[in-house]
Amino acid sequence: MFERPDVGERAILVHLDFPSDTESEDPGEFAELVASSGVEAMELVRGTRNQPSSRYFVGEGKLEEIREAVLLHGADVVLFNHSLSPSQERNLEKALQCRVLDRTGVILDIFAQRARTHEGKLQVELAQLEHMSTRLVRGWTHLERQKGGIGLRGPGETQLETDRRLLRGRIKSIHKRLDKVRRQRDQGRRARKRADIPSVSLVGYTNAGKSTLFNRLTSSSVYAANQLFATLDPTLRRLDLPDVGPIVLADTVGFIRHLPHKLVEAFRATLEETVEATLLLHVVDCHDERRDENIEQVESVLTEIHADEVPRLEVFNKVDLLEDFSPRVDRNDEGVPVRVWLSAVTGAGLDLLLDAVSERLAEDVIHEGFVLEPQQGRLRAALYQAGGVVREQALDDGNTFVEVRLQLRDWRQLLSRLGISDESLPQLPFAEWPGAIDVVSRHHA
């Protein structure tokens with residue numbers, strides 16, 4: 001579509017530092033992005049400016065340095081660790097005589113490589129078309145003339161106008177198809193809510209170890225690699241937890257610093273798994289030097305997609321890379337788990353995570369003791385059938401003490417099915433439970 005130089009596998013990277021920029025990009029992370037796209041970085045050209053040049057983004061001297069690096073290494077593409085305007089890309093390509101891509105273009109290229117499902121490919125295409133729509137003009141400078149010839153006489157339209165119209169039509173078509181996907185996801189979520197199945201979504205900075213953790217927890221074989229954006233398409237798996245029962249675990253696309261807004265918008269259908277989750281597991285690479293900054297970036301994206309109100313549990317991954325550090329659980333002042341330290345690669349601390357997730361999701365669990373009379377055998381049988389009886393003990397007066405632990409929703413459904421009210425089942429105070437001391441020691445063991 002564009003009369004532009006081809007993109008090859010050898011690249012020159014460009015990174016400028018701006019003293020006034022408080023949130024500058026990380027050149028090391030950009031090098032990882034480029035490596036993830038399968039391109040070989042031949043050289044990194046760095047510089048400092050007070051503000052970008054409106055024509056070339058870089059100054060004349062730095063432009064000459066980039067040109068020399070392109071010729072020296074026979075590079076096919078120049079990649080900027082910044083956002084370039086369409087006119088800056090066009091001017092740079094004319095001056096350097098090779099393809100130029102900005103940070104957004106590199107991320108889009110990685111996404112295009114990683115998309116596997118039909119939905120993922122649609123979302124990538126939408127983001128690419130939205131990005132391309134502002135860059136059409138340079139591709140058709142040689143065709144900005146009126147159409148003519150038999151059957152085409154009259155006011156007509158320029159080639160550029162034709163392509164803009166076709167582009168708008170394709171974007172509209174993709175939006176319709178993604179709306180259909182969104183409706184299907186909504187139906188699935190509504191069905192899970194009707195069945196009272198909690199959903200837990202893994203979120204975090206890209207390459208924090210989400211897919212490795214997902215595979216460990218669900219015994220799946222989701223693609224996981226030590227590279228940025230290894231996961232693009234969301235994956236859902238069922239997982240059974242004690243005291244909670246079945247839950248749905250979702251592995252989602254990772255976030256990154258200054259994630260382009262068009263990408264967030266294009267991946268809204270996927271990110272809704274995060275917004276609608278019961279609990280978020282925020283996976284953090286605790287060995288990363290920019291750990292705190294990465295956490296802030298994830299929080300920022302969660303706010304942007306309106307998921308900042310969803311309860312979350314931090315998972316500090318990769319403790320195997322820390323010296324003399326053992327997995328543990330950090331709790332807040334109320335004793336609620338707020339952070340779990342573990343290693344998804346070795347599996348150390350996974351049991352702590354499962355216990356913490358169960359504890360966070362099992363806040364609506366009843367754990368009570370009841371004295372059942374002999375004529376309440378139907379209730380006793382129903383409790384056993386629901387798997388809610390922890391233990392029972394025959395009492396001297398012929399009644400039976402039953403310790404019950406059950407999800408509140410299951411408890412209410414059971415009582416409703418049997419036509420029993422809560423008031424007709426007086427709870428026995430814990431101090432009066434048979435063997436209460438043994439129960440305390442059992443729960444602390």
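Reader: Which residues of helix α3 are buried?

Author: Residues are numbered from 1 along each chain as its sequence is written, and side-chain values use heavy atoms, with hydrogens and water left out. Buried means under 20% relative accessible area, exposed over 50%, and partly exposed in between, with a 1.4 Å probe and protein chains only; helices (H or I, at least four residues) and strands (E, at least two) are DSSP runs numbered from the N terminus. In α3, the buried residues are Gln 88, Glu 89, Asn 91, Leu 92, Glu 93, Ala 95 and Leu 96.

Reader: At about what angle does α3 run to β4?

Author: Axes are lines fitted to C-alpha atoms, for helices over the stretch in contact, and angles run from 0 to 180 degrees between N-to-C directions. By that rule, α3 runs to β4 at about 145°.

Reader: What is the strand order of the open sheet of four strands?

Author: Two strands pair if DSSP finds at least two bridges between them. The pairing in this sheet is parallel, and the order is β2-β1-β3-β4. The strands that pair on one side only are the edge strands, β2 (40-48) and β4 (99-101).

Reader: Is Leu 79 buried or exposed?

Author: Leu 79 lies in strand β3, where Leu 13 stands opposite it. Beyond its neighbours within four places in sequence, its contacts include Phe 30, Val 34 and Val 106. Because its relative accessibility is 3%, Leu 79 counts as buried.

Reader: What distance separates the C-alpha atoms of Leu 79 and Leu 101?

Author: Leu 101 is among the residues in contact with Leu 79. Although the two stand 22 residues apart along the chain, their C-alpha atoms are separated by 5.0 Å.

Reader: How many disulfides does the chain have?

Author: A disulfide is a pair of cysteine sulfur atoms within 2.5 Å. Cys 98 counts as buried at 3% relative accessibility, and Cys 286 is buried with a relative accessible area of 6%. Under the distance rule, the count of disulfides is zero.

Reader: Which residue in the turn between β13 and β14 has a positive phi?

Author: Strands β13 (residues 389-394) and β14 (residues 400-407) pair in the antiparallel sense over five bridges. Ala 394 stands opposite Thr 400 in β14. The two strands form a hairpin with five residues between them, and the turn residue with a positive phi, of about 95°, is Gly 398.

Reader: Where does pLDDT stay under 50?

Author: The mean pLDDT of the chain is 77, and 79% of its residues reach 70 or more. Where pLDDT is low, the predicted coordinates should not be read in detail. Values stay under 50 over residues 138-154 and over residues 439-445.

Terms used:
Predicted model: local features only at pLDDT ≥ 70, side-chain atom pairs only at ≥ 80, totals over all residues. pLDDT = per-residue confidence, 0-100. Contact = heavy atoms within 4.5 Å.
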